[in-house]
Amino acid sequence: MLTLTGGYLAAPAFADDDPAAVVAQAEAAPLIAGTPCTTTARSCVDLDSQKAWLFNGGKIVRGPVPISSGGNGKQTPIGHSLRVYRKEKDHKSLESRLPNGQPAPMPNAVFFEDGGIAFHSGSPNRSSAGCIHLNPADAEAWFNYLDIGDQVQVVRASQELPKHRNDATKVSTHEGGVDNGDSGDDNGDDSGN
């Protein structure tokens, strides 16, 4: 792992993982009760409900929290085996600009898909250019919790739940403390990805 100007960088590819095998393993694992994601994930995003969670060992440790995802032709990519490959506490987007032309701030950015797709602080009431906007306290929690290599699942519950409906053994019933995070006002920074 390499530290660069407040960020962490690792190669987005995980050579030891056969992508098809990782996806098959994720899809075959039990769902975490109350979510559309499986026990192999450390973070889950449901694009249908616009909610996200953090998991540890098949238990919810934070969430659901409100998010916003991509819109206006810049959809958030769906995947069962996305991986955190970079983190930057004070990221500035070179693709998204403020009205004055300056790079848009994307605080607490946790990158999990090629093309600059990340969790970061932004308004959950405004669609992004593909990223996942979280309230500031939630973005900080995601930044502090997720590590390089952690699996992220971005799914649509309407597609995932029917795959598991007929197999009651494929739903994890782990109980755990749930921290719903801070769903209060955001910091007003709804620019950027």
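**Figure 1. Salt bridge between Lys-163 and Glu-160 within helix H3 of the predicted model.** Both residues belong to helix H3, where they stand 3 residues apart, about one turn of the helix. Lys-163 is partly exposed, with a relative accessible area of 48%, whereas Glu-160 counts as buried at 5% relative accessibility. The count for the model comes to 5 salt bridges.

**Figure 2. Salt bridge between Arg-42 and Asp-150.** The two side chains meet at 3.4 Å, N to O. This pair links distant parts of the chain, 108 residues apart. Arg-42 lies in the loop between strand S3 (31-32) and strand S4 (43-46), and Asp-150 lies in the loop between helix H2 (136-145) and strand S12 (151-155). Arg-42 and Asp-150 are both buried.

**Figure 3. Salt bridge between Asp-48 and Arg-156.** The closest N and O atoms of Asp-48 and Arg-156 are 3.0 Å apart. Here, too, distant parts of the chain are linked: Asp-48 is in the loop between S4 and strand S5 (51-56), and Arg-156 is in the loop between S12 and helix H3 (157-164), 108 residues apart. Asp-48 is partly exposed, with a relative accessible area of 37%. Arg-156 is also partly exposed, at 28%.

**Figure 4. Aromatic pair of Tyr-85 and Phe-111, with Arg-86 over the ring of Phe-111.** The model contains 3 aromatic pairs. In the pair formed by Tyr-85 and Phe-111, the rings are tilted, with 6.3 Å centre to centre and 50° between the planes. Tyr-85 is in the loop between strand S7 (79-83) and strand S8 (86-97), while Phe-111 is in strand S9 (residues 103-113), 26 residues apart. Both Tyr-85 and Phe-111 are buried. Arg-86 lies over the face of Phe-111, at 3.8 Å from the ring centre.

**Figure 5. Aromatic pair of Phe-119 and Trp-142.** The ring centres of Phe-119 and Trp-142 are 6.1 Å apart and the planes stand at 50°, so this pair is tilted. Phe-119 lies in strand S10 (residues 117-121) and Trp-142 in helix H2, so the pair ties together parts 23 residues apart in sequence. Phe-119 and Trp-142 are both buried. Together with Phe-112, these residues form one aromatic cluster.

**Figure 6. Lys-87 over the ring of Phe-143.** The charged end of Lys-87 sits over this ring, 4.7 Å from its centre.

Conventions:
Residues numbered from 1 in each chain as written. Predicted model: local features only at pLDDT ≥ 70, side-chain atom pairs only at ≥ 80, totals over all residues. Heavy atoms only, no water. Salt bridge = Lys/Arg side-chain N within 4 Å of Asp/Glu carboxyl O. Helix = DSSP H or I, 4+ residues; strand = E, 2+ residues; numbered from the N terminus. Buried < 20%, exposed > 50% of the residue type's maximum accessible area, 1.4 Å probe, protein only. Phe/Tyr/Trp six-rings, centres within 6.5 Å; stacked < 30°, edge-to-face > 60°. Lys NZ or Arg CZ within 6 Å of the ring centre and 35° of its normal.
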